[in-house]
Amino acid sequence: LGRLNDKKKGLIYALKAMVLIIKEIPDAKLYLVSSDGKNQELINTINQYKLRNNVIFVSFTPNVTKYFLDSSVFFFTSLTEAFPMALNEAKAYGLPCVTFDVSYSVPYQSGVIKVEHFDYKGLAREVVKLLRDYNYRIKMGMEAKLSLNKFKSKIGRAVQQECRDRY
């Protein structure tokens, strides 16, 4: 989910990871949901990596529920992020998440598997592990969903306190 043309989203690492993922799981699919859609550079990269049958472009939609429900794993390749809304949404749907271990990932411990920054091979390895091991995937998905309760509580308390302080 996000702006495909924004280099900070790390899409090239998602595509490089997909090359390795489909070697292990040939029918794996990567959904790219975005408002800026395909561009020629992206199409060329997908053709270069021979991913035409494994990458699915989805035009912007305010209702991404279908794509979360159709997914088994969410991998998040942003290189920098202030507040990773898409990661939180994926966790709310109980999707285990694989992400780079960068500044935005610090508060995300449960239900998130972190790999070294720029390590697309690590992303691929962890996604394959989740796709192959149903019980592990379910466990990580449950952790992801439950972890938001703690996060929500902290935010809720902070907002309540701010409101009390203001009024």
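Author: Let's start in helix H5, where Gly122, Leu123, Ala124, Glu126, Val127, Val128 and Leu130 are buried. Keep in mind that this is a predicted model.

Reader: Why does tyrosine 120 count as partly exposed?

Author: Its relative accessibility is 24%. Buried would need a value under 20% and exposed one over 50%, so tyrosine 120 lands in between, as partly exposed.

Reader: Which residues does tyrosine 120 touch, leaving out those up to four places away in sequence?

Author: They are Tyr13, Lys16, Ala17, Leu20 and Phe100. Threonine 77 sits 43 residues away from tyrosine 120 in sequence, yet their C-alpha atoms are 8.7 Å apart in space.

Reader: Which residues meet where H1 and H5 pack?

Author: From H1 come Tyr13, Lys16, Ala17, Leu20, Ile21 and Glu24. On the H5 side they meet Tyr120, Lys121, Leu123, Ala124, Val127, Val128 and Arg132. By class, that contact has nine nonpolar, four charged and no polar residues.

Reader: How do you know that H1 and H2 are roughly parallel?

Author: Their axes come within 10 Å and cross at roughly 20°. That is under the 35 degrees cut-off, so H1 and H2 are roughly parallel to each other. Their crossing is right-handed.

Reader: Where do H1 and H2 meet?

Author: Leu11, Ile12 and Leu15 in H1 meet Leu42, Thr45 and Ile46 in H2. This contact holds five nonpolar residues, one polar and no charged ones.

Reader: On to the loops. Why is lysine 50 called exposed?

Author: Lysine 50 has a relative accessible area of 64%. Lysine 50 lies in the loop between helix H2 (40-48) and strand E2 (55-59).

Reader: What makes the phi of lysine 50 worth a remark?

Author: Most residues other than glycine have a negative phi. Lysine 50 is not a glycine, but its phi is positive, about 60°. Phenylalanine 118 is another such case, with a phi near 75°.

Reader: Where does phenylalanine 118 lie?

Author: Look in the loop between strand E5 (112-115) and H5.

Reader: Why is phenylalanine 118 called partly exposed?

Author: Its relative accessible area is 42%. That falls between the 20% and 50% cut-offs, so phenylalanine 118 is partly exposed.

Reader: One more: how do you know that serine 147 is buried?

Author: Its relative accessible area is 16%. Buried means under 20%, so serine 147 qualifies. Serine 147 sits in helix H6 (residues 134-166). Not counting residues up to four places away in sequence, serine 147 touches Lys91 and Ser110.

Note on methods. Residues are numbered from 1 along each chain as its sequence is written. This is a predicted model: local features need pLDDT of at least 70, side-chain atom pairs count only at pLDDT 80 or more; totals for chains, interfaces and linings use all residues. Side-chain values use heavy atoms; hydrogens and water are left out. Helices (H or I, at least four residues) and strands (E, at least two) are DSSP runs, numbered from the N terminus. Buried means under 20% relative accessible area, exposed over 50%, partly exposed in between (1.4 Å probe, protein chains only). Contact means heavy atoms within 4.5 Å. Ala, Val, Leu, Ile, Met, Phe, Trp, Tyr, Cys and Pro count as nonpolar, Asp, Glu, Lys and Arg as charged, and the others, Gly among them, as polar. Axes are lines fitted to C-alpha atoms, for helices over the stretch in contact, and angles run from 0 to 180 degrees between N-to-C directions. Angles under 35 degrees count as roughly parallel, over 145 as roughly antiparallel, 65 to 115 as roughly perpendicular and the rest as oblique. A crossing is left-handed if the near helix is turned anticlockwise from the far one by less than a right angle, and right-handed if clockwise.
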